[in-house]
Amino acid sequence: MPVIYPVSETTPVLGIAVCERNKTPPFAESRYIRRLMAKAAAMGLDVFPFAPWTWDERSGTVKGWQWNDREQSWQSYVRKLPAVVYDRSWPDNETERHRFRAALYRLTAEKKLTLLNGRLPNKAEVHALLSRDAELSPLLPETEVYQDASTLASWLARHVNGVFLKPVDGSQGRRTLSVTRSSDGTVLLQGRTAHNRSFRLLCPEQPTALERLHKWIGKRTYIMQPTLDLRGLAGEPFDLRALMQKNGRGHWVTTGIAARCGAPGTVTANLHGGGHAAPGNEVLSALFGEAHSADLMQDIQKFGLMMVNRLEQNFGRFAEIGLDFGVDRAGRLWFLEANSKPGRGAMHCAGGEAAAQAETLPLLYARSILLRPPGRVIHEFDHL
């Protein structure tokens, strides 16, 4: 039998699911996870990262990691499989993604563990759900699943400002694309590659452009939306990330709202694509004045709470969801997409205690679940 890392039987344990890699550090977000571990220790909560595929069914253990302050390095130990797990995995490629999901699915299907945060379906399904809500549907841009070049040609004929395409399962702005047709018949394809590098291609004829785009999409499923004029004062694309999280009582709160600003001439504002963050109210005030900015911030909070509750009613329990909104040049608010594995970078610029709360709240919510009296079913994640 393996020697298991010693932990008090009374200490609640939260696992963090990661994708191990043969690098230093051995997984992504290592600094963020170190901060979580330090904050958790102050709460009387034991937190450790592990890769789900290291589970040993015979011993009920996994290979966990601990930070060694003296040696300033991560060291691995054998740990018991935790009952509740926070997914912070960032696979480097499709092979790693499939390996991670298969291992995690096996553990959840066999009820070996419960995920702290649920997983949203693809963007098309989320849009379809929210579009059925009379209060939320006005925030949603027209959306259709891409079929072929002819469907995109029809959209280009109807939407003079262009068409924006994004993969239904994509994240961090990767493989997004803007298609714009000029009056002389030329078509501009502008977007980001799978490695999140910006590209720009001008095609002299529409059929050639759409044929190239169709090959680039391949068998992936994409959605099409009208290109919205979401630009700041310098012409840079920007959106607003609202981080919605549950607190220690299981109630949804708006942790912070930050503006994410891309470089002028690019098509996305995602931080992973080279953008930068700023306080949401400051960016909106510069564009629309303080009064309208305050109204927009209130609307984002109001509609954000409505959205996470609607998503939770239909897709299971969540601990946090990132909601992305856009505001066009006319000052109209749009909902762009939801993310069930939101990053933390933008919250450092959201103002107030947003950055600290963004890290603390998942731990408080996890602790409230782990400390429930015996006999309570933790996988229900009902409100306390």
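Glu-29, Arg-88, Glu-320 and Arg-344 are joined in a network of salt bridges, a salt bridge being a side-chain nitrogen of Lys or Arg within 4 Å of a carboxyl oxygen of Asp or Glu. The model is a predicted one, in which local features need pLDDT of at least 70 and side-chain atom pairs count only at pLDDT 80 or more, while totals for chains, interfaces and linings use all residues. Residues are numbered from 1 along each chain as its sequence is written, and side-chain values use heavy atoms, with hydrogens and water left out. By the salt-bridge rule the count comes to 24.

Individual pairs were examined next. The side chains of Arg-106 and Glu-57 form a salt bridge with an N to O distance of 2.9 Å. This pair links distant parts of the chain, 49 residues apart: Arg-106 belongs to helix 2 (residues 94-109), and Glu-57 to the loop between strand 2 (46-50) and strand 3 (61-68). Helices (H or I, at least four residues) and strands (E, at least two) are DSSP runs, numbered from the N terminus. Arg-106 has a relative accessible area of 38% and is partly exposed; the term buried applies under 20% relative accessible area, exposed over 50%, and partly exposed in between (1.4 Å probe, protein chains only).

A salt bridge is also formed by the side chains of Asp-133 and Arg-310, at 2.9 Å from N to O. Asp-133 lies in the loop between helix 3 (123-131) and strand 7 (144-145), and Arg-310 in helix 7 (residues 290-315), so the pair ties together parts that are 177 residues apart in sequence. Asp-133 counts as buried, with 11% relative accessibility, whereas Arg-310, at 24%, counts as partly exposed.

The salt bridge between the side chains of Lys-215 and Glu-211 has an N to O distance of 3.7 Å. Both residues lie in helix 5 (residues 206-217), where they are four residues apart, about one turn of the helix. Lys-215 counts as exposed at 63% relative accessibility, and Glu-211 as partly exposed at 46%.

Helix 5 also packs against helix 4 (residues 149-158), at an angle of about 130° and with the axes 10 Å apart. Axes are lines fitted to C-alpha atoms, for helices over the stretch in contact, and angles run from 0 to 180 degrees between N-to-C directions. Helix 4 is therefore oblique to helix 5, given that angles under 35 degrees count as roughly parallel, over 145 as roughly antiparallel, 65 to 115 as roughly perpendicular and the rest as oblique. The crossing of helix 4 and helix 5 is right-handed, that is, the near helix is turned clockwise from the far one by less than a right angle. Ala-149, Leu-152, Ala-153 and Leu-156 of helix 4 make the contact with Gln-206, Leu-210, Leu-213 and His-214 of helix 5, where contact means heavy atoms within 4.5 Å. These residues divide into six nonpolar, two polar and no charged; Ala, Val, Leu, Ile, Met, Phe, Trp, Tyr, Cys and Pro count as nonpolar, Asp, Glu, Lys and Arg as charged, and the others, Gly among them, as polar.

The axes of helix 1 (residues 30-42) and helix 8 (residues 354-370) come within 10 Å and cross at roughly 60°. Helix 1 and helix 8 are therefore oblique to each other, and their crossing is right-handed. On the helix 1 side the contact involves Tyr-32, Arg-35, Leu-36, Lys-39 and Ala-40, and on the helix 8 side Ala-356, Ala-358, Glu-359, Thr-360 and Leu-363. Six of the residues in the contact of helix 1 with helix 8 are nonpolar, one is polar and three are charged.

Several backbone features fall in loops. Most residues other than glycine have a negative phi, and most peptide bonds are trans. Thr-24 and Pro-25 are joined by a cis peptide bond, with omega about 0°, and Pro-25 lies in the loop between strand 1 (13-17) and helix 1. Gln-72, although not a glycine, has a positive phi of about 50°; Gln-72 is in the loop between strand 3 and strand 4 (73-80). Arg-175, likewise not a glycine, has a positive phi of about 60° and is found in the loop between strand 8 and strand 9. At 14% relative accessibility, Arg-175 counts as buried.

The loop between strand 8 (163-167) and strand 9 (177-181) also holds Gly-170, which is partly exposed at a relative accessible area of 23%. The C-alpha atoms of Gly-170 and Lys-123 are separated by 8.6 Å, the two residues being 47 residues apart along the chain.
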